[in-house]
Amino acid sequence: MDFAPRMSRFKPSPSQIASARVRDLVAEGQDIVKLTAGEPDFPTPDHAKAAAIACMDANEIRYTPINGLLEMRKAAQLKFKRDNNLDYGLDQIAVGSGTKQILFNCLMATVSQGDETIIPAPYWASYPDMVLLAGGTPVIVDCGQNNLFKMRPEQLEEAITPNTKWLVFSSPSNPTGATYSREELAALAEVLLRHPHVHVLTDDVYEHLIYDGRTFHTLAEVEPALYDRTVTCNGVSKAYSMTGWRLGFAGGPKDIIANMAKMQSQSTSGVSAVSQAAAVAALEGPQEYVKERTANLQYRRDILFEKLNKAKGLQCDLPEGAMYIFCSCAGTIGKTAPNGKVIENDEDFTMYLLESVGVAVVQGSAYGLSPYFRASFVAPEADLVRGGDKIQEACAALS
Ligand SMILES: Cc1ncc(COP(=O)(O)O)c(C=O)c1O
């Protein structure tokens, strides 16, 4: 088969490749400590499951409207008002099969050849590939550890050209946990206000996974003058442990939302009514347990953080949100493993961890910044301790 040229423009998801590699090793019977999880390990809340069952029992199993059932759009509307103080009309709400589809629809509907999309690095690996698939040009802005992996206003200013269409970023970030404060967003907004042709896609899917008493802020809320050119994306995956239900949503300008729906109408159509019923229950139901779960994740973050920072050649900062530690392995580059192999980059280092001590993490190059690796702290406490000890052991064995 001759495949379409667009297929060579983008790569498959690196974290899914890493997960598949780990699955193969486990299937071979190897003992692997997995620090690669990209989803919370809590159950979907009972009230969301009950709503899904009630939906099935009522035989609400037909096609649904492309842009979501009215109840779902109302639930997203309520959530944006309650959590973000953002007012969206029902015709300003998109509903799709996950935040990923929402982002995909938006970029596919708006980006054409020659359009530039600014993406701060480290980034969620899908952003540049989605832009490339849409035919646009990703403009990567390196945001180093010295500013906790956040983009400074002057970097944004420098990256903007007459061809800039979008700025896309996640806060809290996958893979670094970097979480922009109100002041930091206001400083970026000041730059954006000077460039009215730039639109902003904020990926807020980790909104509720935020630590040490921080408060979440999103751009359209911080700077209302940007409301008309911001698409605020979110979903139930991370906040409510509902990754497999595939439900994401966004609020934004009517014309963009309508074109996102048009894109979806020729791919997956409306989201399953069962998933929408569960999502409505999650969004409208009690929210207190979310904080308890976040506190539990913070406890696990601290365990892994301490272990990694004690490993020779590694150094990391405490992530402000999300579920990952983005750790520098600069101190291991150029060192030699017991088998004589020299560690030349972060991919070599992560392979060394996997092969020598059976710990799986993802190399930083997958997220646009080296030499780093991403370690997820969504793992049982015993695995975080054991994995951390094994990483220390592997680092100590380098010479
Ligand atoms: C930053 C970011 N955005 C979006 C997604 C996708 O979320 P969803 O499950 O809602 O499609 C992920 C999942 O890992 C993510 O890390």
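Let me start with a term: contact means heavy atoms within 4.5 Å. A second one goes with it: helices (H or I, at least four residues) and strands (E, at least two) are DSSP runs, numbered from the N terminus.

Hi everyone, and thanks for coming. What you see above is a predicted model, where local features need pLDDT of at least 70, side-chain atom pairs count only at pLDDT 80 or more, and totals for chains, interfaces and linings use all residues. Residues are numbered from 1 along each chain as its sequence is written, and side-chain values use heavy atoms, with hydrogens and water left out.

Let's begin with helix α5, residues 126-133. Is this helix mostly covered or mostly open? It is mostly covered, with seven of its eight residues buried. Buried means under 20% relative accessible area, exposed means over 50%, and partly exposed is in between, using a 1.4 Å probe and protein chains only. The buried ones in α5 are Ser126, Tyr127, Pro128, Asp129, Met130, Val131 and Leu133. What do they pack against? Their partners are α4 (99-110) and the strands β3 (116-121), β4 (137-142), β5 (164-170) and β6 (199-203). Just after α5, look for Gly135, which takes a positive phi of about 95 degrees.

Now to the nonpolar cores. Such a core is a set of buried Ala, Val, Leu, Ile, Met, Phe, Trp, Tyr and Cys residues joined through side-chain atoms within 4.5 Å. The largest one here has 39 residues, and the members that touch the most others are Leu35, Leu308, Leu314, Phe349, Phe373 and Ile391. At least two residues each come from α11 (288-309), β9 (324-328), α12 (346-357), β12 (372-376) and α13 (381-396). Which of these gives the most? That is α11, with five residues. There is also a second, separate core of 29 residues, and Ala48, Tyr227, Ala273 and Val290 are among them.

Let's zoom in on Leu35. Setting aside neighbours within four places in sequence, Leu35 is in contact with a list of residues including Leu304, Val361, Arg374, Leu384 and Ile391.

Two strands count as paired if DSSP finds at least two bridges between them. Here, five bridges join β9 to β12, and the two run antiparallel. Within β12, Phe373 is the bridge partner of Cys327, while Ser376 is the partner of Tyr324. What is the strand order in this open sheet? The three strands go β9-β12-β11, with antiparallel pairing. The edges are β9 and β11 (362-363), each pairing on one side only.

Now for charges. A salt bridge is a side-chain nitrogen of Lys or Arg within 4 Å of a carboxyl oxygen of Asp or Glu. How many salt bridges does a search of the whole structure find? It finds 22.

Here are three of those pairs. Asp46 and Lys49 meet at 3.9 Å, N to O. Both lie in helix α2 (residues 46-57), three residues apart, about one turn of the helix. Asp46 is exposed, at 60% relative accessible area, whereas Lys49 is partly exposed, at 33%.

Arg194 and Glu157 form another salt bridge, with their closest N and O atoms 2.6 Å apart. This pair links distant parts of the chain: Arg194 is in the loop between α7 (182-193) and β6, and Glu157 is in helix α6 (residues 153-159), 37 residues away.

Then there is Arg182 with Glu221, at 3.2 Å between the closest N and O atoms. Arg182 lies in helix α7 and Glu221 in helix α8 (residues 219-222), so the pair ties together parts that are 39 residues apart in sequence. Arg182 is partly exposed at 35%, but Glu221 is buried at 18%. Finally, salt bridges that share partners join Lys150, Glu184, Asp212, Arg214, Arg301, Asp302 and Glu320 into one network.

That's my tour, and I'm happy to go back to any part of the structure with you!
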